[in-house]
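Student: I would like to learn how to read a model like this one, feature by feature. Please give the general idea each time, then the case at hand.

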Amino acid sequence: MYSMAQLRAMVGSVRAVDGPAAVVMDDAQLKKIQGIQSLGSAWLRTDPAECLSLLHDGSLSDDRIQTAAALIGPPASQSTITASSDNSGLFWQGIYSLEKARTHCSPSTLTLDGQTAQYELSPVLADLHGQKSTANVQTITDQTGAHHTLSMVAMDGTLFVTGSKKIPAVQPTAAEVKELSGYINTVIDGAGKAAASAPTTGVGA
């Protein structure tokens with residue numbers, strides 16, 4: 001298991017394709033991102049109903065699991081990277097939930113505060129490192145139009161790394177896929193080095 005300091009060092013080690021280093025989020029920013037990624041409203045409903053738990057689990061965004069996150073790149077094309085350490089099996093199962101959601105919940109209908117949106121999940125080919133990985137484009141179509149997010153996850157042992165990036169079209173470009181997968185692979189490949197260089201005093205492993 002990795003400590004919070006080690007996880008922060010991992011995401012903080014990533015640099016954008018044009019050079020600037022990642023900016024590590026504080027706890028308040030992280031909780032906001034987790035709520036968005038997990039579709040975490042108590043009032044949200046899905047049709048089919050069983051898709052709600054699949055989409056939540058498949059987000060790999062749970063405040064019970066030790067997680068660090070960073071923003072990379074300029075605001076107009078920003079990516080979000082998270083690194084989590086989990087040996088409970090929760091995130092391992094989450095990857096399978098995501099794959100199941102792609103099969104059974106695309107399309108599905110989301111309802112919140114009387115407003116409905118259609119949810120779709122499309123597979124993407126990406127060169128991701130680690131023991132297991134998956135990549136998708138999530139499309140949510142509401143009254144304002146279609147909103148596309150390229151999302152990826154890779155795991156290696158107890159380390160789970162996710163990446164997400166808003167994109168303008170349902171089909172990502174090769175450059176967008178390469179950029180996001182590159183950030184995730186940087187964390188996976190450099191986990192040992194980043195963990196070794198991070199302070200561990202006072203932080204639970």
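**Reading strands, salt bridges and surroundings**

Tutor: S84 stands opposite F160 in β9. Before going on, note that this is a predicted model, in which local features need pLDDT of at least 70 and side-chain atom pairs count only at pLDDT 80 or more, while totals for chains, interfaces and linings use all residues. Residues are numbered from 1 along each chain as its sequence is written, and side-chain values use heavy atoms, with hydrogens and water left out.

Student: Which strands pair with β9, and in what sense?

Tutor: Strands (E, at least two residues) and helices (H or I, at least four) are DSSP runs, numbered from the N terminus. Two strands pair if DSSP finds at least two bridges between them. Here β4 (residues 79–85) pairs with β9 in the antiparallel sense over seven bridges. Strand β8 (residues 145–156) also runs antiparallel to β9, joined to it by nine bridges.

Student: What should I look for in the hairpin of β8 and β9?

Tutor: Look at the turn. Two residues lie between the strands, and G157 takes a positive phi near 65 degrees.

Student: Is β9 mostly covered or mostly open?

Tutor: Buried means under 20% relative accessible area, exposed means over 50%, and partly exposed is in between (1.4 Å probe, protein chains only). Strand β9 (residues 159–167) is mostly covered, with eight of its nine residues buried.

Student: How many salt bridges does the structure hold?

Tutor: Side chains of opposite charge can pair when their charged atoms come close. The criterion is a side-chain nitrogen of Lys or Arg within 4 Å of a carboxyl oxygen of Asp or Glu. The structure holds four salt bridges. One of them joins the side chains of K165 and E179 at 3.5 Å, N to O. K165 lies in strand β9 and E179 in helix α5 (residues 174–189), so this pair ties together parts that are 14 residues apart in sequence. Both K165 and E179 are buried.

Student: What does the salt bridge of R8 and D27 tie together?

Tutor: Their side chains meet at 3.4 Å, N to O. R8 belongs to helix α1 (residues 4–12) and D27 to helix α2 (residues 27–37), so the link is between parts 19 residues apart in sequence. R8 is partly exposed, with a relative accessible area of 30%.

Student: In the pair of R64 and D62, how far apart are the closest N and O atoms?

Tutor: They are 2.7 Å apart. R64 is exposed, at 65% relative accessible area, whereas D62 counts as buried at 10%.
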